[in-house]
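Open the model in your viewer and keep the selection tool handy. This tour goes from one stop to the next, with a note on what to find at each.

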Amino acid sequence: MGESYPYKEYVAGLLAGVATVLIGHPFDTVKVKLQKHNTEAHGIKYRGGLHCTARILRTEGIRGLYRGAMSSFIGVAFESSLVFGIYSQMKQSLQVAMGSSQTGGPQLQIIVPSAAYGGAIISFVLCPSELLKCRMQVQGTDSLVPMSSRYSGPLDCALKTVKDEGVKGIFRGGFTTFLRESLGNAVFFSVYENVRYHMHSRLKSGSSDCTSLIDVGVGILSGGLGGIAFWSAVLPLDVAKTKIQTAADNNTSRNPFQILSSIYTRNGLKGWYTGLYPTIVRAFPANAAAIVTWELAIKLLGVKHD
């Protein structure tokens with residue numbers, strides 16, 4: 001990063017979040033349904049991501065794929081604004097404190113703590129919005145939840161959750177979200193920064209100019225690969241979070257490691273990676289869109305990104 005424009009970096013991050021939800025929410029709905037239903041002892045079992053998608057489209061239409069999208073738009077846009085803004089500012093602060101060059105190659109001792117710190121902060125925002133999103137997503141036609149107990153929308157879900165579980169209920173799964181976001185963002189930004197740096201180094205070696213088309217291509221690849229790395233690293237934690245947040249019994253364990261242990265006993269290692277296919281399919285385009293949108297936004301807002 002060059003000269004600091006804090007609020008502009010947060011605005012660019014917000015736009016990146018909107019792009020992420022537009023592209024990625026349908027895939028996320030399929031992932032959540034697989035994680036909820038395919039790890040249950042009873043109930044419907046989907047044969048895979050395509051089977052789940054086909055059932056949603058047949059029984060609920062396109063609208064079913066965007067179930068819970070409103071809370072996701074609010075949560076992810078705000079979360080994306082924070083994570084990109086905090087990461088950028090923390091990275092600059094560490095570079096100054098450590099006397100590192102901002103134009104040198106990626107430095108993991110700066111990237112990892114900056115990204116992990118940003119992830120830790122956003123987990124407190126992301127947890128409530130994801131709880132509402134997940135509870136809305138699992139209410140489809142295949143849900144075992146009685147019609148009388150279903151939510152009419154995110155606000156109804158939030159009010160009923162607080163009524164039944166207290167304010168702390170909307171933060172169910174908070175520790176698991178904290179672990180997922182801290183680790184996942186450290187992995188994401190490490191991969192993104194390294195892929196971006198090395199691709200630009202190779203592409204610029206034969207030319208003094210880097211066209212906008214090349215910038216977009218680099219953004220797509222670096223963001224997409226970063227997204228795949230993120231979810232490959234933390235999908236088991238995400239499975240545990242979904243189970244914790246959508247459990248009907250308020251007394252269900254909220255310890256992600258206990259949840260993963262029970263899933264392993266019932267489903268083996270593959271149970272930890274339930275929803276892997278739609279998650280990976282979603283990860284590339286959604287994160288590529290986020291990075292391209294973020295880089296384009298900071299360029300238009302006049303922020304230098306080395």
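This is a predicted model: local features need pLDDT of at least 70, side-chain atom pairs count only at pLDDT 80 or more; totals for chains, interfaces and linings use all residues.

Start by selecting Phe-188, which counts as buried at 6% relative accessibility (buried is under 20% relative accessible area, exposed over 50% and partly exposed in between, with a 1.4 Å probe and protein chains only). Phe-188 sits in helix H7.

Residues are numbered from 1 along each chain as its sequence is written, and side-chain values use heavy atoms, with hydrogens and water left out.

Zoom out and colour by secondary structure. The protein chain has eleven helices and zero strands (DSSP runs numbered from the N terminus, H or I of at least four residues for helices and E of at least two for strands). Of its 306 residues, 51% count as buried.

Next, select residues 212-246 and 276-300, which are helices H8 and H11. Their axes come within 7 Å and cross at roughly 135° (axes are lines fitted to C-alpha atoms, for helices over the stretch in contact, and angles run from 0 to 180 degrees between N-to-C directions). That makes H8 oblique to H11; here, angles under 35 degrees count as roughly parallel, over 145 as roughly antiparallel, 65 to 115 as roughly perpendicular and the rest as oblique. The contact of H8 with H11 has 14 nonpolar, eight polar and four charged residues (Ala, Val, Leu, Ile, Met, Phe, Trp, Tyr, Cys and Pro count as nonpolar, Asp, Glu, Lys and Arg as charged, and the others, Gly among them, as polar).

For another pair, pick H4 (residues 69-98) and H5 (residues 108-137), whose axes lie 8 Å apart at an angle of about 165°. H4 and H5 are therefore roughly antiparallel to each other. By class, their contact holds 18 nonpolar, nine polar and three charged residues.

While you are there, highlight 65-87 and 107-127, which an unreviewed UniProt entry gives as "transmembrane region"; such annotations may be inferred rather than shown by experiment, and UniProt positions are given in the numbering used here, with feature names shortened. Residues 65-87 are 87% helix and 0% strand, with end C-alpha atoms 31 Å apart. For residues 107-127, the figures are 95% helix, 0% strand and 30 Å.

Which residues have the most contacts inside the largest nonpolar core? Show side chains for Phe-84, Phe-189, Trp-231, Ile-291 and Trp-294, the answer for this core of 30 residues (a nonpolar core is a set of buried Ala, Val, Leu, Ile, Met, Phe, Trp, Tyr and Cys residues joined through side-chain atoms within 4.5 Å). H8 gives the most to this core, with seven residues. A second, separate core has six residues, including Val-30, Leu-34, Tyr-46 and Leu-65.

For the last stop, select Pro-154 in helix H6 (residues 154-165). Pro-154 is partly exposed, with a relative accessible area of 26%.
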